[in-house]
Amino acid sequence: MRARWIECAAAAGLLALTTSPGGAQTAAEMTFFVTSAGSGKGADLGGLQGADAICQRLAQAVGAGGKTWRAYLSTQATGGAAAVNARDRIGAGPWRNAKGAVIASSVADLHGAAASLTKQTALNEKGEPVNGAGDTPNQHDMLTGSQADGTAFGPGEDRTCGNYTKSGAEGAVMLGHHDRRGLDDSPPAKSWNMSHLSRGGCSQEALKGTGGAGLFYCFAAN
């Protein structure tokens, strides 16, 4: 009888692990998250390759490393290298957060009115909410370097902190608000990917100054 009880208890524990919000089943299905940490060097992520590596590492830590994770970041054309559009890096969707909620079904939905990105759905890889407007500290500024439709800015004035290689007083990066809240009700203030530029450069302190922490979005491309 005791052996049977232990067997049943073990089975129940396995079921809970694979169906609970923080369990293996949810982690396996997650295809979108906000990073719980950045590089620690402001907008210097080590370029796109470094940013993708951060996404992959964070996903791996919660059991979702079996997918190809990409940072939602655009780059500007420079030195003969072509621009890269964030929207072209992230697969076709749909994308689910760590709790299983669909934040967008397609690239078109993600960049339109159908996107379900809010403070309640733009969770980190652990399934935790990320500080937004009204929280201390406010960390709602997400690095994107992108225009509202997910495409890159043209060459010229820096909008990507040197394609995510700068961490000093020079340069700027386009930021979005993951909580869709800003100082007013204008479309940029409510934009998840194109709210405003960083001020004072690309350092961690500069990003903190407008309500950020060097965080960004990660999407599973497969």
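A residue is called buried when its relative accessible area is under 20%, exposed when that area is over 50%, and partly exposed in between (1.4 Å probe, protein chains only). The structure is a predicted model, in which local features need pLDDT of at least 70 and side-chain atom pairs count only at pLDDT 80 or more, while totals for chains, interfaces and linings use all residues. Residues are numbered from 1 along each chain as its sequence is written, and side-chain values use heavy atoms, with hydrogens and water left out.

Arg 159 has a relative accessible area of 17% and is therefore buried. This residue sits in the loop that links β5 (141–143) to α5 (161–164); helices (H or I, at least four residues) and strands (E, at least two) are DSSP runs, numbered from the N terminus. Leaving aside residues up to four places away in sequence, Arg 159 touches Gln 76, Gly 145, Phe 153, Ala 172, Val 173, Met 174 and Leu 197, where contact means heavy atoms within 4.5 Å. Gln 76 lies 83 residues from Arg 159 along the chain, yet their C-alpha atoms are separated by 7.7 Å.

Helix α3 (residues 47–61) contains 15 residues and spans 22 Å from its first C-alpha to its last, close to the expected 21 Å; the expected span is 1.5 Å times one less than the number of residues. The buried residues of α3 include Leu 48, Asp 52, Ile 54, Cys 55 and Leu 58. Among the elements covering the buried residues of α3 are β1 (32–34), β2 (69–71), α5 and β8 (212–220). Just after α3, Gly 63 adopts a positive phi of about 85°.
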